[in-house]
Number of protein chains: 2
Amino acid sequence: MNQEVMERPQLTGAARRVPPAALLEALAGLLGERCSTSQAVCLQHGSDESHYAPVPPDAVVWPLTTLEVAQVVKLCAAHRTPVIAFGVGSSIEGHLLAVQGGVSLDLSRMDKVLAVQPEDLTATVQAGVTREQLNTDLAQTGFFFSIDPGANASVGGMVATAASGTNSVRYGTMRDNVLSLVVVTAEGKVIRTARRARKTSAGYCLTQLFTGSEGTLGIITEVTVKLHPQPEAVAAAVVNFPQLQGAVKTVIEAVQMGVPLARAELLDALSIRAINAHDKLSLNPVPTLFLEFCGSQATVNEQADVVAAIAASHGGGDFQWALRPEERSRLWTPRHHAYFAALQLKPGSRSFTTDACVPMSALAECLAETLADIETTGLPVPVFGHVGDGNFHCLVLVDPARADEVAAAEAFSLRLMRRAIRHDGTCSGEHGVGLHKMPWLEQELGADTVDVMRRIKRALDPDNILNPGKVVSFYRE
Amino acid sequence: MNQEVMERPQLTGAARRVPPAALLEALAGLLGERCSTSQAVCLQHGSDESHYAPVPPDAVVWPLTTLEVAQVVKLCAAHRTPVIAFGVGSSIEGHLLAVQGGVSLDLSRMDKVLAVQPEDLTATVQAGVTREQLNTDLAQTGFFFSIDPGANASVGGMVATAASGTNSVRYGTMRDNVLSLVVVTAEGKVIRTARRARKTSAGYCLTQLFTGSEGTLGIITEVTVKLHPQPEAVAAAVVNFPQLQGAVKTVIEAVQMGVPLARAELLDALSIRAINAHDKLSLNPVPTLFLEFCGSQATVNEQADVVAAIAASHGGGDFQWALRPEERSRLWTPRHHAYFAALQLKPGSRSFTTDACVPMSALAECLAETLADIETTGLPVPVFGHVGDGNFHCLVLVDPARADEVAAAEAFSLRLMRRAIRHDGTCSGEHGVGLHKMPWLEQELGADTVDVMRRIKRALDPDNILNPGKVVSFYRE
């Protein structure tokens, strides 16, 4: 490895690489009206749900097929112009901002469910299919797709960020549910990372390398995901706790005992107040666990009995049950609204959303330290999380025009990241690195680990055209 | 990417790179008696369980710590001498053969269980710890490590080949059970791939990139694995079938119904005859399923009832139950001996062991085609497999001195690989690529996919010192 090539050249850096007119003409020639340079369209494609101000790309294209994606990438490669894959725009770490300009590649019209193979518990979809669309398609099959990060994200986007969400304590994260990918490389070649067997040890695991690569190593155009049999019985429950710690300890003990919880979501008192206001509910504004059990009727009852006993031993109140589908939906819908409900606590605010994830043994202590820290910020900070995974989110609500609030939020985020690392955890349980966490990745994993990532980036995208300036810097800083 | 550098230079190629005297002196200076050039020791380290004749390395070293591994790799890197990681020597694809000479790095003395974190369901071990040793250490904790490939392999070796085995239908493969690795890079740097949280989306997934990389991208020295709670109840059963197909269909239906089978192993009639002879048993020599159920007593009963009904509908006989630990061990021990028992069917033989894995929907057909194909070989070919994963092994028993038998075995292997690929499966479900499957990898995944792997290899090991000549060729052929 020639060390010199890794240093940033004096005259390049992160300057915008505006697409030359020849490229824009070629893209328009290829895609017609499915290519736009409209300011409004570009602005929308340079935004996500993060606290960042938008940085628009110079053009947006809507391919319909893997072949069209490959053609777009080949054209951009020929002009060394950045290409930024775009799903539904629900990421929250600045993944979509066109910090070096270029073309936003909007995959939302690649929305075909290509195959459902119920016998194999798999489905193959284009990258733009959303999780709700896929589950609607699957409704009559007896199977479902388990990843539920809250937003109605695209499957491709969820692969790109290694998303997880409320179901992962039982069914695993996107990593555990992706079997094979079709990817367009930085040269515009189309590769398939694996065939459709349930397991393989044939060569390096490119499936997992592209999963979580945030559009920086290749453009994911097709995904084969695992499906799960719809359980015979499902029961959801909410249970209140006088203290957050009791809720956390309940989940930890249940997981350690091997209870296969389907979901275990914690909301703090402020989050409950937020969803009460947003969804016009009157939930008790105290720390609350939202639980779900599934399996046969007998196993659901068995699990519920075990967890109810554990909860009671930690001060938990009675279980309020939701058994029928419409009742469960009424229970889970507010949880799904928690992010937007939280923003409404402070009109006009943006959220600095943290994503710490720590080993289960450290969760209670890390949360206690974090709650004490929140008191020092002077900002509203609802907290909720996927406690079965050791993952929790603090939504630090700031007025983006107030530098003092932004600084306080950044400082809090930094302290939380350090705290998560001290507990042998990660700064990013499920949101990815994007722009926001690039400086933190090195603190978490060390410069030499990040350097291995950088070598991979440089080997697969030597001209740095795939979502440049995200995850790892192309040049050693 | 400069295409030229990818072509094989005229004067290098796969020639042996014998360690210079200065390197051997430096290794002896570093490790004293833990460095050997004895012919017998080298011969033993150039062999595995494959059909290949041994190709010994030039020296063997036994480091005790990650630091010593790093020192050895740095010395070898300075002399551009190959380094081949060695666990217990149980691989079966020629992984360990020193085809370019060099130093075998035997990790078997790195056998410390460094930490058991029962609250987190994790353990951290040195790479040389074997699966049996780890489970003995865990016996009193209420947790266990689930990967069981048959051989008493080292944890590091199982990570390096992305092993799986009998438990993976329930607990996943090694990929699903590895949380974090400490790896020595080709330059002798020590990196950690992840922290110890249950999930992370912090940067590229180096953990999974090194898992299954067969010692070609880095030397795995420490592994943090997931543990599972010991189930309250376990019940094992054997059930006979008049035809292999009935056994296969039983497992497929059970998996589709979401029955969380702990194990589902199929042995054909010839395999049963082999273990009868080897273990002095009198099992009925017909296609047989070895099943295991686990969970609470109620769920075990429930699962067993469901599967018994499915089995009966496919011609299965009565379940012969083994409930107590010693009975279960008596049932599973012969299954664990199946590989060596099979070799005894033909004294002096070596096995060409296939490893096809196909989507569940294709398994019955692929197996039927394969059984018909076996008839044409004129060789004894016991068949057994992890049918819950779609994975089965044919042990083609050949006299290595007979060129006609070797040719017949190679031809059969090739046909089976093509058949697996035609069914959208893989040539390697769990054994890895090694030497043997390098030409097949490209047929399975395509030249462009293999080229992406090659770029990664070249980026992380530019002097091609880590187990050279395995998985992917360093130069485009």
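Tutor: Let's begin with two domains of chain A: the C-alpha centres of domain 2 and domain 4 lie 28 Å apart. The bounds come from an automatic or database domain assignment, which gives domain 1 (3-108), domain 2 (113-229), domain 3 (233-340) and domain 4 (346-434) in chain A. Twelve residues of domain 2 of chain A are in contact with eight residues of domain 4 of chain A, contact meaning that two C-beta atoms, placed from the backbone, lie within 7 Å. On the side of domain 2 of chain A that touches domain 4, four residues are nonpolar, seven polar and one charged. In this scheme Ala, Val, Leu, Ile, Met, Phe, Trp, Tyr, Cys and Pro count as nonpolar, Asp, Glu, Lys and Arg as charged, and the others, Gly among them, as polar.

Please keep in mind that this is a predicted model, in which local features need pLDDT of at least 70 and side-chain atom pairs count only at pLDDT 80 or more, while totals for chains, interfaces and linings use all residues. Residues are numbered from 1 along each chain as its sequence is written, and chains are lettered from A and ligands numbered from 1 in the order in which they are written.

Now to the place where the two chains meet. There, 77 residues of chain A are in contact with 78 residues of chain B. On the chain A side, β9 (190-192), α8 (206-210), α11 (297-313), α14 (360-375), α16 (438-445) and α17 each supply at least two residues. These elements are DSSP runs numbered from the N terminus, helices being H or I with at least four residues and strands E with at least two. The largest share of that side, nine residues, comes from α17(A). Sorted by class, the side of chain A that touches chain B has 31 nonpolar, 29 polar and 17 charged residues.

That brings us to the helix pairs. Two packed helices are described by the angle between their axes and the distance between the axes. The axes are lines fitted to C-alpha atoms, for helices over the stretch in contact, and the angles run from 0 to 180 degrees between N-to-C directions.

The crossing of α17(A) past α17(B) is right-handed, the term for a near helix turned clockwise from the far one by less than a right angle, with anticlockwise giving left-handed. From α17(A), the contact uses Val452(A), Arg455(A), Ile456(A), Arg458(A), Ala459(A) and Leu460(A), and from α17(B) it uses Val452(B), Arg455(B), Ile456(B), Arg458(B), Ala459(B) and Leu460(B). Eight of the contact residues are nonpolar, none polar and four charged.

Within chain A, α17(A) also packs on α16(A), at an angle of about 125° and with the axes 6 Å apart, so α16(A) and α17(A) are oblique to each other. Leu441(A), Glu442(A) and Leu445(A) of α16(A) meet Ala447(A), Thr449(A) and Val450(A) of α17(A). That contact has four nonpolar residues, one polar and one charged.

Another pair to look at is α14(A) with α15 (residues 403-422) of chain A, packed at about 165° with axes 11 Å apart. These helices, α14(A) and α15(A), are therefore roughly antiparallel, and their crossing is right-handed. Cys366(A), Glu369(A), Thr370(A) and Asp373(A) of α14(A) face Phe412(A), Arg415(A), Leu416(A), Arg419(A) and Ala420(A) of α15(A) in this contact. By class, the contact has four nonpolar, one polar and four charged residues.

In the segment after α17 of chain A lies Val471(A), which has a positive phi near 65° without being a glycine. Val471(A) counts as buried because 28 C-beta neighbours lie inside 10 Å; the cut-offs are 20 or more other C-beta atoms within 10 Å for buried, 12 or fewer for exposed, and in between for partly exposed, with C-beta atoms placed from the backbone. In chain B, Asn467(B) is found in the segment after α17. Asn467(B), not a glycine either, has a positive phi of about 40°, and it is buried, with 30 C-beta neighbours inside 10 Å.

Key
Parallel < 35°, antiparallel > 145°, perpendicular 65-115°, else oblique.
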